[in-house]
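Open the model in your viewer and get ready to select residues by number. We will go stop by stop.

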Amino acid sequence: MSAPVLDKVPATIVTGFLGAGKTTLLRHLMSRAEGRRIAIIVNEFGSLGVDGETLKDCGIPGCEAENIVELANGCLCCTVADDFIPTIEALLGRPNPPEHILIETSGLALPKPLIKAFNWPAIRSRVTVDGVVTVVDSPAAAEGRFADDPEAVAAQRAADPSLDHDNPLAEVFEDQLNAADIVVLNKADLLDEAALAALRADLAPRLPRAVKLVPAKEGALDPAILLGLNAAAEDDLAARPSHHDAEDGAHEHDDFESFVLVLPEYDSADELMRRLPEVAARHDILRIKGFVRLKGKPMRLAVQGVGRRFRQHFDRAWTDDRDGHLVVIGQTGMDVEAIAKEILG
C-alpha cells in the first residue's frame with residue numbers, strides 16, 4: 001500500500017520596496033492568525049535586524065520569537081543554498097511544523113530567484129509558493145519615484161542586452177510588480193481618489209497578468225485576501241518576467257550599501273525627528289530605520305523613514321542594554337561621515 005500524499009505547506013512571499021509597509025502588513029496578518037501556526041522568515045539588509053525585532057515579542061499570539069527567523073547574511077535570492085533552503089528544512093522538521101510560512105524579502109530583493117528556489121529537490125515536494133504579495137508605497141509610486149519609463153527601458157534592454165542599469169531602483173520595482181499575484185497599494189489613505197485612480201491606471205498596464213490592485217491603510221487586509229491563493233508560483237515562472245531572466249536570476253547589490261549609527265540617549269526625539277528628513281533629502285539615502293532611547297522612558301521609540309516621510313511610535317519596552325541605533329540604507333558612495341555628523345548634530 002502506497003504512502004499517502006502529504007499536502008504541501010503554503011508559503012507567501014511578501015515583497016516590495018524599502019519602507020512600503022511589509023512588516024506592518026505581516027503584523028496585521030499575525031494578529032488575525034486565529035490559532036494557525038505561522039512562521040515568518042525576515043530577510044534583513046544591514047547588520048541589525050530591525051524588521052525582525054519589530055515582529056519579535058510584539059505581543060501578538062503566535063508572533064513569538066521562536067516563530068520568526070532572521071536571515072541577515074545577504075539577499076535571499078543570492079544566498080538560497082546557504083541560508084534559505086536549510087531554514088525551510090529546519091522549519092518543516094519541527095515537531096509541530098508551521099501551517100503557513102510568510103517570507104518578508106529585503107526591499108532590494110528580486111522575487112523571481114526566490115520563487116525558483118521552491119523547485120529545489122530538497123523542498124519541492126514539501127512546500128509551495130501560495131502567492132506573491134507585492135506591497136507598494138502608494139504616495140511614492142504616485143510621484144513616480146521608482147517608475148522611469150518602463151517601455152523605454154525595455155526597448156533599450158532588447159536592443160543592447162549588455163546595457164548597464166541606468167536606474168536599478170526602477171528595475172527592482174518592476175520585477176516585484178511582475179512577480180505579484182496581488183499588489184497591495186499601501187498607504188492609500190494618503191492619496192485622494194483622483195491620485196489613487198491615476199496610480200491604478202499607471203500600474204495596471206505594466207502588470208504582465210491579470211493581478212488585483214488592492215488599496216490598504218497600514219497594511220490592514222483580511223488574511224482571506226492574501227493567503228490561500230494556491231498560485232503554485234514555482235510552476236508559473238514564465239508568467240512572471242524579470243529584467244534578470246537572461247542572467248538566471250543573478251544580480252548584484254553594488255548600487256546599495258548600509259551602515260549602523262549608534263545613538264546617544266535623548267531627552268526628547270523632537271530635534272532628531274526634525275533633522276532626519278533634512279539629512280535624507282541632502283544625501284543619497286533610501287531609508288532610515290531603527291530605535292531611539294529616551295531618558296526616563298522604558299519603551300523604545302521605533303523610527304522609520306523613506307524619503308522625507310518619517311514616522312515614530314513606542315513599540316515595546318527595552319529588553320537589553322543595547323544603545324539606540326539607526327540603520328541607514330542608501331546608494332553606494334553616500335558620504336557616511338557627513339551623514340553621521342549631520343544626524344548626531
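Select Lys187 first. Lys187 sits in the loop that links β6 and α8. Keep in mind that this is a predicted model. Is Lys187 buried or exposed? Its relative accessibility is 14%. Buried means under 20%, so Lys187 counts as buried. Now check the backbone: phi of Lys187 is near 60°, a positive value in a residue other than glycine. Most residues other than glycine have a negative phi.

Next, select residues 182-186. This is strand β6, and five of its five residues are buried. Look at both faces. Ile182, Val184 and Asn186 lie on one side. Val183 and Leu185 lie on the other. Both faces are covered.

Which strand pairs with β6 over five bridges? Select residues 127-137: that is β5, and the pairing is parallel. Find Val133 in your selection; Ile182 of β6 stands opposite.

Then select residues 212-215, strand β7. β6 and β7 also pair in the parallel sense, over four bridges. Here Val184 faces Val214 of β7. Trace the chain from β6 to β7: the path runs through helix α8, residues 193-203. This β-α-β crossover is right-handed.

Last stop: Asn230. Select the loop between α9 (223-226) and β8 (256-263) to find Asn230. Phi of Asn230 is near 55°, again positive in a residue other than glycine. Is Asn230 buried or exposed? At 66% relative accessibility, Asn230 counts as exposed, whereas Lys187, at 14%, counts as buried.

Notes:
Residues are numbered from 1 along each chain as its sequence is written. This is a predicted model: local features need pLDDT of at least 70, side-chain atom pairs count only at pLDDT 80 or more; totals for chains, interfaces and linings use all residues. Side-chain values use heavy atoms; hydrogens and water are left out. Buried means under 20% relative accessible area, exposed over 50%, partly exposed in between (1.4 Å probe, protein chains only). Helices (H or I, at least four residues) and strands (E, at least two) are DSSP runs, numbered from the N terminus. Two strands pair if DSSP finds at least two bridges between them. A crossover is right-handed if, with the strands pointing away from the viewer, the path from the first strand over the helix to the second runs clockwise.
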